[in-house]
Amino acid sequence: MFDHASYDNHEDVHLFHDEDSGLKCIIAIHSTALGPSAGGTRMWDYKSGADMLTDSLRLSQGMSYKNAMAGIPHGGGKAVIWGNSKTDKTDGLFEAFGRAVESLAGRYYTAEDVGIDPEDIEIAARQTRYAGGRIKQDGCGSGDPSPVTARGVFLGLQTAADLAFGTPDLNNRTIAVQGVGSVGGYLCHYLAEAGAKLYICDMDEDAVQHIAKNTGAEIVSVDDIYDVDADIFSPNALGAVLNPETLPRLKVKVVAGGANNQLSTSEMGAKVRDVGILYAPDYVINGGGIINVAGELSGKYSPDWVEQKVQTMVETLRSVMEESQANHEPTNLVADRIARARIAAAKP
Ligand code: NAD
């Protein structure tokens with residue numbers, strides 16, 4: 001573990017196995033310097049336990065940086081559950097997961113991520129007090145964070161367009177959207193409303209047909225999305241999509257999307273910059289959802305507070321990209337430096 005390439009002085013990493021329900025889960029806590037760790041739960045059919053561990057380490061580190069950049073009182077943590085989210089979900093599995101979260105006594109707060117719906121969080125919450133993104137009922141719960149994530153990504157995408165093309169106006173811009181699940185789906189609606197010409201792809205045929213019908217988007221295959229002759233590429237599926245194989249295929253001037261860990265390695269940030277692409281660092285642009293969850297966890301949820309935090313997040317994104325342009329430094333490294341400084345400053 002301590003030699004793992006993605007281990008970044010994580011405070012603790014927990015493995016849970018529940019024989020009765022079949023739960024296999026890792027909860028990685030990267031940092032609690034800014035407050036109890038918070039980050040969504042991912043359910044994915046990993047190829048191996050090693051892949052699952054790497055994902056949990058990278059995602060939890062990303063949450064530390066994201067929460068620091070979003071200015072919320074939380075450190076970074078993430079849960080990953082090994083399984084197929086279409087076929088392996090049971091109440092017993094999520095109750096066992098809830099007990100796992102509860103056993104950490106508030107060092108980690110969970111919410112939704114890929115493969116997890118508010119209904120799953122509600123089942124986990126039967127067993128734990130440390131869950132956010134709960135269904136809106138009886139005046140508590142802030143619901144699915146994805147629409148707020150998508151709104152932040154939309155505003156951030158306009159900001160990136162402003163810096164790359166000299167105008168935030170997306171009317172007639174061509175945008176290739178990879179993944180039209182929760183975040184990508186809401187984002188497509190915002191983009192279509194703004195007049196963008198959309199090309200979309202998803203492995204889920206129903207999802208892609210549904211979004212195409214409602215937004216007028218053109219469907220392309222999962223393999224062809226990188227080759228679309230577009231102005232902007234918006235990744236909203238999984239990570240590592242900016243890598244040595246995909247970069248030469250991209251014709252865009254901007255990459256801005258909601259997916260976590262878009263760069264396959266940190267060094268890809270410089271390569272993306274060198275070919276003239278403005279990259280909106282993922283954990284800066286996609287903080288809307290966790291801001292919404294943090295509002296709920298504070299016990300005094302207010303849509304106005306969330307909106308103000310999302311606006312500040314977009315201003316932070318602009319200053320990261322401007323600093324990158326002024327200093328000829330990749331955007332991801334500028335963001336990493338600011339996030340690390342904020343975390344270091346919070347340490348006693
Ligand atoms: P989701 O499961 O609702 O949607 C993901 C979609 O991507 C699915 O429809 C899936 O079929 C599709 N997909 C998977 N692999 C693909 C591929 N190779 N090509 C095309 N499509 C593919 O998940 P989500 O909540 O929308 O999250 C999407 C991304 O945004 C993830 O990286 C997640 O970590 C990140 N994110 C989500 C939130 C949130 O509020 N939900 C917040 C911050 C970051």
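Asp20 lies in the loop between β1 (12–18) and β2 (23–31), where strands (E, at least two residues) and helices (H or I, at least four) are DSSP runs numbered from the N terminus. The model is predicted: local features need pLDDT of at least 70, side-chain atom pairs count only at pLDDT 80 or more, and totals for chains, interfaces and linings use all residues. Residues are numbered from 1 along each chain as its sequence is written, and side-chain values use heavy atoms, with hydrogens and water left out. With a relative accessibility of 77%, Asp20 counts as exposed; the term means over 50% relative accessible area, buried means under 20%, and partly exposed is in between (1.4 Å probe, protein chains only). The C-alpha atoms of Asp20 and Asn172 are separated by 54 Å, and the two residues are 152 apart along the chain.

Two alanines in loops have positive phi values. For Ala105, phi is near 55 degrees, a positive value in a residue other than glycine. Ala105 belongs to the loop between α2 (91–103) and β6 (108–109) and is exposed, at 57% relative accessibility. Ala240 also has a positive phi, near 60 degrees. The loop that holds Ala240 runs between β10 (232–235) and β11, and a relative accessibility of 30% makes Ala240 partly exposed.

The ligand is surrounded by 24 residues, the closest being Asp113, Thr149, Asp202, Ala237 and Asn260; a residue is near the ligand if one of its heavy atoms lies within 4 Å of it. By class, this shell has eight nonpolar, 11 polar and five charged residues. Ala, Val, Leu, Ile, Met, Phe, Trp, Tyr, Cys and Pro count as nonpolar, Asp, Glu, Lys and Arg as charged, and the others, Gly among them, as polar. At least three shell residues come from each of domain 1 (1–62 + 78–144) and domain 2 (146–287 + 316–341), with the bounds taken from an automatic or database domain assignment.

An N or O atom in the side chain of Asp113 is 2.7 Å from a ligand oxygen. For Val183, a backbone N or O atom is 2.8 Å from an oxygen atom of the ligand. A polar backbone atom of Gly258 is 3.2 Å from a ligand oxygen. On its own the ligand has 820 Å² of accessible area, and the protein covers 87% of it; accessible areas come from the Shrake-Rupley method with a 1.4 Å probe, and for residues only the protein chains shown count as cover. The elements that give two or more residues to the shell are α4 (146–165) and α5 (182–193).

Asn260, one of the closest residues to the ligand, is placed in the loop between β11 (254–255) and α7 (268–274). Its relative accessibility of 13% classes Asn260 as buried. The side chain of Asn260 makes a polar contact of 3.1 Å with the side chain of Lys66. The side chains of Asn260 and Asn286 are joined by another, of 3.0 Å. A polar contact is a pair of N or O atoms within 3.5 Å; within protein, one must be able to donate a hydrogen and the other to accept it, and residues adjacent in sequence count only if both atoms are side-chain atoms.

The largest nonpolar core has 79 residues, of which Ile27, Phe97, Leu191, Leu198 and Ile200 touch the most other members. Such a core is a set of buried Ala, Val, Leu, Ile, Met, Phe, Trp, Tyr and Cys residues joined through side-chain atoms within 4.5 Å. Helix α4 supplies the largest share of this core, eight residues. The core lies between domain 1 (1–62 + 78–144) and domain 2 (146–287 + 316–341), because both give residues to it.

Further residues were examined in helices. Tyr283, in α8 (residues 282–285), is buried with a relative accessible area of 8%. The C-alpha atoms of Tyr283 and Ser302 are 23 Å apart, at a sequence separation of 19 residues. His210 is part of helix α6 (residues 205–215) and is partly exposed at 49% relative accessibility. Between His210 and Thr128, 82 residues apart in sequence, the C-alpha to C-alpha distance is 35 Å. Ala346 is in helix α11 (residues 331–346) and is partly exposed, with a relative accessible area of 30%.
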